[in-house]
Amino acid sequence: MDLEALINQHYRELNESDLQILSYIIQNKEKCKGMTIIALAQETLTSKSTISRIVKKIVFSGYSEFKYSLKNAT
């Protein structure tokens, strides 16, 4: 499923910080495809726990599944 569609589907569960991080990911998809969870956390000035929590809110089992989906999105 498209990342934007997942965000819209789970919008009520996301807080402002979550939305800012997801916005960064959408705007930098190509860069994020190769990032580790630690690199993404550093880039967004958050923690890997925060990134993990956000991807779980939008129905991924974890960062690996999220990254796989991001890489395979068209």
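Select tyrosine 63 and phenylalanine 66: both belong to helix H6 (residues 63-72), where they stand three residues apart, about one turn of the helix. Helices here are DSSP runs of H or I with at least four residues, strands are runs of E with at least two, and numbering starts at the N terminus. An α-helix has 3.6 residues a turn, so residues three or four places apart point the same way. The model is predicted: local features need pLDDT of at least 70 and side-chain atom pairs count only at pLDDT 80 or more, whereas totals for chains, interfaces and linings use all residues. Residues are numbered from 1 along each chain as its sequence is written, and side-chain values use heavy atoms, with hydrogens and water left out.

Tyrosine 63 and phenylalanine 66 are both buried (buried means under 20% relative accessible area, exposed over 50%, partly exposed in between, with a 1.4 Å probe and protein chains only). For phenylalanine 66 the relative accessible area is 2%. The ring centres of tyrosine 63 and phenylalanine 66 lie 6.0 Å apart with the planes at 40°, so this pair is tilted. Rings of Phe, Tyr and Trp (its six-membered ring) pair if their centres lie within 6.5 Å; planes under 30 degrees apart are called stacked, over 60 edge-to-face, and the rest tilted.

Phenylalanine 60 is buried, with a relative accessible area of 10%. Phe60, Tyr63 and Phe66 form one aromatic cluster.

Now display the whole of H6. Which residues of H6 are buried? They are Tyr63, Phe66, Lys67 and Leu70. Viewed down the axis of H6, these buried residues fall within an arc of 95° (taken from the directions from the helix axis to the C-beta atoms), so they line one face of the helix. The face turned away from the buried side of H6 carries the exposed residues Ser64 and Tyr68. The buried residues of H6 pack against helix H1 (3-9), helix H2 (16-27), H3, H4 and H5.

Move to lysine 29 in helix H3 (residues 29-33). Lysine 29 is partly exposed, with a relative accessible area of 23%. Beyond its neighbours within four places in sequence, lysine 29 is in contact with Asp2, Glu4 and Leu70 (contact means heavy atoms within 4.5 Å).

Next, select threonine 44, in the loop between helix H4 (37-43) and helix H5 (48-57). Threonine 44 is buried, with a relative accessible area of 15%. Its side chain reaches the backbone oxygen of leucine 40 at 2.8 Å. Setting aside neighbours within four places in sequence, threonine 44 is in contact with Ile21, Tyr24 and Ile51.

Finally, show the entire chain. Its secondary structure comes to six helices and zero strands. The C-alpha trace spans about 25 × 25 × 20 Å along its principal axes. Buried residues make up 41% of the 74 residues in the chain. Among contacts between residues at least 6 apart in sequence, 50% join residues at least 24 apart.

Methods. A polar contact is a pair of N or O atoms within 3.5 Å; within protein, one must be able to donate a hydrogen and the other to accept it, and residues adjacent in sequence count only if both atoms are side-chain atoms.
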